[in-house]
Amino acid sequence: MRVAIQGTIGSFSEAAARRRWPDLVPVPCREVQDVVAAVRAGEAEAGILPIENSLIGSVTSTYDLLHEAFGDGRLRLTHEVLLPVHHTLMGLPGAELAGIRRVLSHPVALGQCRIWLGRHLPEAELVSAWDTAGSAEIVAREGNPVLAAIAARPAAEAHGLVPLADRIEDDPTNQTRFLTFTRSDVPLPQNPDGPFKTSLIVCVDHKPGMLALTLQAFGARGVNITALQSRPERSKPWTYRFYVDVAGAASDPRVAEALEEIEALAVQLVVLGSYEAWPDGALRFAAPAPPPAHHVKKPDVPLVDRRRNPEGTVVVVGHLAFGGDAPVLIGGPCSVESEAMILETAELVAQAGGDMLRGGAYKPRTSPYDFQGLGVKGLRYLAQARERTGLPVVTEVLSWEEVPVVSHFADMLQIGARNMQNFSLLRAASRSGKPILLKRGAGATVEEWLMAAEYVLAEGNPNVVLCERGIRTFERATRHTLDLNAVALLRERTHLPVVVDPSHAAGVSSLVIPLGLAALAAGACGLLVEVHPNPAAALSDGFQSLTPPMFAELARRVHPEREQRKRRVRA
Ligand code: PEP
Ligand code: MN
């Protein structure tokens with residue numbers, strides 16, 4: 001097979017192409033444009049282009065060619081090749097290292113061997129040439145034993161030279177990435193199971209957030225962006241086009257969805273093509289996202305169904321187990337109000353015998369004028385409180401955009417009642433890999449609630465704890481009506497553990513302890529309650545927040561065995 005390469009025989013491009021096709025016949029071309037032209041003209045079946053060096057970065061001449069070369073669909077990308085770049089110093093047969101006075105190579109190659117040259121040939125003149133293998137050709141042609149070239153080792157044999165020193169590059173990790181391509185009508189086999197990458201060009205409007213929104217189309221679907229380069233738009237100074245490489249083929253459902261969305265958002269989207277990724281390359285870190293649930297066969301038995309795990313699922317958070325032997329008591333304020341306040345509350349929760357700390361940093365408030373939470377600061381304070389007390393932290397995430405930052409700090413993500421059917425949030429929270437506390441929507445049926453949990457499970461995260469927090473009924477005497485029917489029923493319907501939040505159900509602190517105890521009797525494996533050092537001064541939900549002594553009383557009733565143990569120790 002004929003393969004068009006940039007540079008003369010023995011170039012790095014040829015060495016890279018031989019990693020794919022060991023028996024190729026090289027078709028040397030002067031410039032990258034000539035490589036493309038040779039394949040278009042049928043002078044070669046395939047071509048190879050250097051695209052990026054691990055030390056130097058983009059090969060801009062190739063980037064600037066991609067649109068023109070691949071935008072019209074007549075050529076298609078086929079493979080990625082990674083080539084470790086090892087440099088060899090070569091001279092005429094009989095030449096000696098000590099006698100070398102002038103070294104020729106491509107300036108990048110000279111730069112990559114600077115330390116070795118300084119040490120071994122400090123007096124030699126360094127001369128830039130058009131390409132590495134081309135400099136070997138010049139040395140051979142000149143026939144002067146004081147000349148040497150730096151090039152890939154195969155260039156020595158190709159041009160009748162001998163190696164004087166091998167592996168003279170300063171950085172042994174140096175690699176170059178190449179892309180191979182062919183004409184669209186030439187069948188070049190690809191391994192259908194091999195990892196694929198897709199390269200594209202995106203041009204976006206100068207509007208706040210446009211680039212981020214565009215790239216989010218991938219992030220939100222668990223598609224890994226493996227490279228992002230920007231190049232100036234020549235005809236419009238200070239505007240840019242973005243070159244994006246992602247893991248996966250354009251035909252993968254997740255990538256296809258993302259591309260559809262980007263096409264709608266961007267000024268221009270050019271899909272340059274999908275190609276087989278180099279197997280031991282940078283894709284190692286990319287965990288493939290499972291395909292979206294609507295692309296796989298619906299399971300006969302839903303993932304949440306009790307029949308899938310009759311023993312019941314145990315969800316582990318730090319040292320705690322929801323659905324294990326002991327009930328889990330989660331206490332904390334409705335909102336994180338300040339550093340001092342959350343540290344004080346965490347201490348009192350830990351000392352009273354609570355197991356886990358709650359507290360909202362992002363608050364779903366009915367009125368936009370109410371306190372909305374401290375955001376990232378609140379998350380930092382929660383993490384500090386965990387450091388201080390050892391209590392794992394659960395906190396609410398309001399939108400899919402905030403999943404990364406909330407899951408960075410929290411041990412468990414709470415999805416609040418108002419968001420129970422926010423399906424993009426459910427998917428994003430699932431992909432965070434953190435255990436999820438899924439509250440029931442105030443107007444949601446048990447079936448709808450279970451299907452919301454199914455979203456999380458279908459997205460690949462099995463760790464869901466359901467939280468009953470009261471539903472809206474005709475009864476207005478309490479904030480909501482605690483549905484203990486549902487708690488008992490869920491034990492039959494699902495293997496997922498269920499906890500109860502009596503605070504939001506009752507809306508008044510005096511009912512929290514009896515409702516909590518009733519919930520445990522009905523089969524809940526834990527409680528989520530609000531407690532505040534000074535409920536009257538709380539910025540949200542003070543009325544329903546337990547005082548510290550009330551919380552201590554609840555903790556004693558939830559963990560009576562600890563009380564007995566304490567008493568035994570005292571006696
Ligand atoms: C909360 O836990 O503070 C909260 C807002 O809960 P819910 O989503 O159940 O109203
Ligand atoms: Mn609250």
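Predicted model: local features only at pLDDT ≥ 70, side-chain atom pairs only at ≥ 80, totals over all residues.
Helix 17 itself spans residues 512-521, and its buried residues are Val512, Ile513, Gly516 and Ala519. These four cover an arc of only 125° around the axis, so they sit on the same side of helix 17. Just after helix 17 comes Gly523, with a positive phi of about 115°.

That backbone angle leads to two other places worth a visit. Most residues other than glycine have a negative phi. Asp541 is not a glycine, yet its phi is positive, at about 55°. Is Trp238 buried or exposed? With a relative accessible area of 69%, Trp238 is exposed.

Five strands make up an open sheet with mixed pairing, in the order 8-7-9-6-10. At its edges are strand 8 (125-128) and strand 10 (162-165), each of which pairs on one side only. From one strand to the next, the twist averages 35°. Helix 6 (residues 132-142) packs on this sheet and touches strand 6, strand 7 (102-105) and strand 9, its direction making about 160° with that of strand 9.

On one side, strand 9 (residues 147-151) is joined to strand 6 (residues 88-91) by four bridges, and the two run antiparallel. Within this pairing, Thr88 stands opposite Ala151, and Met90 stands opposite Ala149. Strand 7 also pairs with strand 9, but in the parallel sense and over three bridges. Here the bridge partner of Leu104 is Ala149, the residue that Met90 stands opposite as well.

How many of the five residues of strand 9 are buried? Five of the five are, and the strand is mostly covered. In a regular strand the side chains alternate between the two faces of the sheet. In strand 9, Leu147, Ala149 and Ala151 lie on one side and Ala148 and Ile150 on the other; with these buried, both faces are covered.

Next, some aromatic rings. A pair of aromatic rings is described by the distance of the centres and the angle of the planes. The model has three aromatic pairs. One of them joins Tyr63 and Tyr243, edge-to-face, with 5.0 Å centre to centre and 80° between the planes. Because Tyr63 lies in helix 3 (residues 60-70) and Tyr243 in strand 14 (residues 240-247), this pair ties together parts that are 180 residues apart in sequence. Tyr63 is buried, at 3% relative accessible area, and Tyr243 counts as buried too, at 3% relative accessibility.

Another pair is made by Phe423 and Tyr455: their ring centres are 4.3 Å apart and their planes at 20°, so this pair is stacked. Phe423 belongs to helix 13 (residues 423-431) and Tyr455 to helix 14 (residues 446-458), so the pair ties together parts 32 residues apart in sequence. Phe423 is partly exposed at 29% relative accessibility, and Tyr455 is partly exposed at 30%. A ring can have a charged neighbour as well: Arg30 lies over the face of Trp130, at 5.1 Å from the ring centre.

The last stop is Leu179, which has its place in strand 11 (residues 175-183). Leu179 counts as buried, at 4% relative accessibility. What is it in contact with, leaving aside its neighbours within four places in sequence? Leu179 is in contact with Gly47, Ile48, Leu49, Ile51, Leu77, His79, Glu80 and Tyr275. Ile9 is 170 residues away from Leu179 along the chain, and their C-alpha atoms are separated by 18 Å.

Definitions and conventions:
Residues numbered from 1 in each chain as written. Chains lettered and ligands numbered in written order. Heavy atoms only, no water. Phe/Tyr/Trp six-rings, centres within 6.5 Å; stacked < 30°, edge-to-face > 60°. Buried < 20%, exposed > 50% of the residue type's maximum accessible area, 1.4 Å probe, protein only. Lys NZ or Arg CZ within 6 Å of the ring centre and 35° of its normal. Pairing = 2+ DSSP bridges. Axes fitted to C-alpha atoms, helices over the stretch in contact; angles between N-to-C directions. Contact = heavy atoms within 4.5 Å. Arc of directions from axis to C-beta.
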